[in-house]
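The notes below are in the order in which I took them.

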Amino acid sequence: MKTLIATLTLTALALTGCATPKQWEATGGSKNDGVVQVSYELGQFESGQTNAAQGLTVAMERCKTWGYKNAEVTGSEKNICRTMGQYNCLQTTITQDYLCKR
């Protein structure tokens with residue numbers, strides 16, 4: 001009986017997922033348009049924890065290398081399923097756009 005309870009508990013923990021710290025990375029954009037895209041990946045059972053200030057810092061660094069002075073968030077986050085399983089998404093990319101400012 002104890003083995004069954006332990007197994008059920010571990011299974012429940014695995015299925016509920018956990019908050020996993022994620023770091024934003026510059027993944028795209030356009031120097032001419034002054035747009036930077038930053039993203040992170042989530043697995044099937046992950047619940048990502050991000051820091052908006054860290055995302056802005058990544059975007060500002062990219063903008064500065066392109067000759068701009070600053071960056072600001074534009075629009076909302078986009079979630080794109082990269083790997084679809086039989087019933088749900090197995091891997092998701094979350095992307096946020098930032099507009100470079102002169």
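**Entry 1: ground rules.** I am working with a predicted model, in which local features need pLDDT of at least 70 and side-chain atom pairs count only at pLDDT 80 or more, while totals for chains, interfaces and linings use all residues. Residues are numbered from 1 along each chain as its sequence is written, and side-chain values use heavy atoms, with hydrogens and water left out.

**Entry 2: the chain.** I looked up the secondary structure and found two helices and six strands in the protein chain. Helices (H or I, at least four residues) and strands (E, at least two) are DSSP runs, numbered from the N terminus. Along the sequence the pattern reads α-β-β-β-β-α-β-β. Of the 102 residues in the protein chain, 25% are buried; buried means under 20% relative accessible area, exposed over 50%, and partly exposed in between (1.4 Å probe, protein chains only). Among contacts in the protein chain with a separation of 6 or more, 62% are between residues 24 or more positions apart; a contact means heavy atoms within 4.5 Å.

Entry 3: In what order do the four strands of the open sheet lie? I read the order as 2-3-6-5, with antiparallel pairing. Strand 2 (25-30) and strand 5 (70-84) each have a single partner strand and stand at the edges, so one side of each is left without a neighbour in the sheet. From one strand to the next, the twist averages 25 degrees. Two strands pair if DSSP finds at least two bridges between them.

I then checked individual pairings. Strand 2 and strand 3 (residues 35-43) run antiparallel and are joined by five bridges; Glu-25 has Ser-39 in strand 3 as its bridge partner. Strand 5 and strand 6 pair over 11 bridges, also in the antiparallel sense, and form a hairpin with four residues between them. Ala-71 has Cys-100 in strand 6 as its bridge partner.

**Entry 4: the helix on the sheet.** Helix 2 (residues 52-65) lies across strand 2, strand 3, strand 5 and strand 6, and runs at about 110 degrees to strand 5. Axes are lines fitted to C-alpha atoms, for helices over the stretch in contact, and angles run from 0 to 180 degrees between N-to-C directions.

Ala-59 is found in helix 2 and is buried, with a relative accessible area of 0%. Not counting residues up to four places away in sequence, Ala-59 touches Val-36, Val-38, Ala-71 and Tyr-98. The C-alpha atoms of Ala-59 and Leu-99 are 8.5 Å apart, although 40 residues separate them along the chain. Arg-62, also placed in helix 2, is partly exposed at a relative accessible area of 29%. Beyond its neighbours within four places in sequence, Arg-62 is in contact with Ala-26, Gly-28 and Val-36.

**Entry 5: the core.** Which residues touch the most other members of the largest nonpolar core? Among its 14 residues, they are Val-36, Val-38, Ala-59, Cys-63 and Cys-100. Strand 3, helix 2 and strand 6 each supply at least two residues of this core, and strand 3 gives the most, with four residues. A nonpolar core is a set of buried Ala, Val, Leu, Ile, Met, Phe, Trp, Tyr and Cys residues joined through side-chain atoms within 4.5 Å. Leaving aside neighbours within four places in sequence, the contacts of Val-36 include Gly-28, Ala-59, Cys-63, Trp-66 and Cys-100.

**Entry 6: the aromatic pair.** I counted rings of Phe, Tyr and Trp (its six-membered ring) as paired if their centres lie within 6.5 Å, with planes under 30 degrees apart as stacked, over 60 as edge-to-face and the rest as tilted. The count comes to one aromatic pair. Trp-24 and Tyr-40 form it edge-to-face, at 4.8 Å centre to centre and 85 degrees between the planes. Trp-24 lies in the loop between strand 1 (18-21) and strand 2, and Tyr-40 in strand 3, so the pair ties together parts that are 16 residues apart in sequence. Trp-24 is buried at 5% relative accessibility, and Tyr-40 is buried at 9%.

**Entry 7: Thr-92.** Last, I looked up Thr-92, which is in strand 6 (residues 89-101). Is Thr-92 buried or exposed? Thr-92 counts as buried, at 18% relative accessibility.
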